[in-house]
Amino acid sequence: MQRKAYVSGVAVLLAALLAGCTGSSSDDGATDDSKPGGSSSTAPAAQPGKYRTLPEACAAVDHGTLDSLLPGIKQIADEEQRESAYEGTATLTYDTDRRVGCRWKVESTDATDHLFVDFERVVSYDSVSDDSKASGLYTDKETAADLPEPSASTSSESEESPDPDGSASPSDSASASGSASASASPSSTSSASPSVSATPTSLQPRTLDGLGDEAYLNDTLSSAGSTAQQRTVTVVFRTSNVIVTIEYDEQPAVTGEVPDSKEMQDRARNLAAKLADTLNG
């Protein structure tokens, strides 16, 4: 009888100890999988950008604007060929919600003009927002353009709007063309690399105000053959999570002529403003 009583007492003691351990675990609420970095501490999703789709690039430039940038279109006698020139050629893309582009090339009796328009919608898969990701990509483009330090005259020019019809006034055109021609003389074009030395100070590469969230313009003059001069004007701007690039170049048909800088810049900036309105419309 005493042996049985002893065994029962041991059993009761073990049960009490086990109950105490169980109660202690439930009282403090601790669990084995409560650790930093679990599902309960997931980082908030990054802010999406304003734009979820992109416009059709080849349809984004109206006929009137193309007539201004590509004067040779009106000289095309065949109606079907002229309509084909207006339509442009879409660039190859695998996702039209992320990137679209279009190219035009038209020859006239005076020059050969090229136009390229590109829309890129930036989507961030990191913890940063779409806008922040797009701003970083835009900054990379501006840095690669290697814009000169802004001067007082350049800064004042950047705040001016282009002519509504994309053309320059006679006095401005003569000044810009004359400065370009003088700078493009053999004594000042010994270097074969593209240079902005033929561009008046007020029209040199610079950042632009009033176009999207941030924008810049580049203007280069290069040799296209033995004596021909080709001018390329590039405008890049960002609005929210979309980056738009415009490349507009012209090569005169007459040897020794230099494309007018102000006229081309006005045309490119006028197109950029219209594309910005298209995105916001």
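**Figure 1. Asp62 and Lys274 pair up in a salt bridge.** This is a predicted model, and here we zoom in on a spot where the closest N and O atoms of Asp62 and Lys274 sit 3.9 Å apart. Asp62 belongs to the loop between α1 (2-28) and α2 (63-69), while Lys274 is part of helix α7 (residues 261-280), so this contact ties together parts that are 212 residues apart in sequence.

**Figure 2. Arg99 meets Asp118 across two strands.** In this view, a salt bridge joins Arg99 and Asp118, and their closest N and O atoms are 3.2 Å apart. Look for Arg99 in strand β2 (residues 99-107) and for Asp118 in strand β3 (residues 111-121); the two are 19 residues apart, and the pair links distant parts of the chain. Arg99, with a relative accessible area of 36%, is partly exposed.

**Figure 3. Arg238 and Asp213 form another salt bridge.** Here the side chains of Arg238 and Asp213 come together at 3.6 Å, N to O. Arg238 counts as buried at 9% relative accessibility. Asp213 is partly exposed, with a relative accessible area of 49%. Back around Arg99, there's a network to spot as well: salt bridges that share partners join Arg99, Asp118 and Glu120.

**Figure 4. Asp146 has a positive phi.** Zoom in on the backbone here and you'll find Asp146 with a phi near 55 degrees, a positive value in a residue that isn't glycine. With 64% relative accessibility, Asp146 counts as exposed, because the exposed class starts over 50%.

**Figure 5. Ser240 also has a positive phi.** Ser240 isn't a glycine either, yet its phi is about 55 degrees. You can find Ser240 in the loop between β6 (229-239) and β7 (242-252). Is Ser240 buried or exposed? Ser240 is buried, with a relative accessible area of 6%.

**Figure 6. Stepping back, the protein chain has 7 helices and 7 strands.** Going along the sequence, the order is α-α-α-β-β-β-α-α-α-β-β-β-β-α. The protein chain has 281 residues, and 38% of them count as buried. If you take the contacts between residues at least 6 apart in sequence, 64% join residues at least 24 apart. The structure holds 9 salt bridges, including the Asp62 and Lys274 pair from the opening view.

How values were computed. Residues are numbered from 1 along each chain as its sequence is written. This is a predicted model: local features need pLDDT of at least 70, side-chain atom pairs count only at pLDDT 80 or more; totals for chains, interfaces and linings use all residues. Side-chain values use heavy atoms; hydrogens and water are left out. Helices (H or I, at least four residues) and strands (E, at least two) are DSSP runs, numbered from the N terminus. Buried means under 20% relative accessible area, exposed over 50%, partly exposed in between (1.4 Å probe, protein chains only). Contact means heavy atoms within 4.5 Å. A salt bridge is a side-chain nitrogen of Lys or Arg within 4 Å of a carboxyl oxygen of Asp or Glu.
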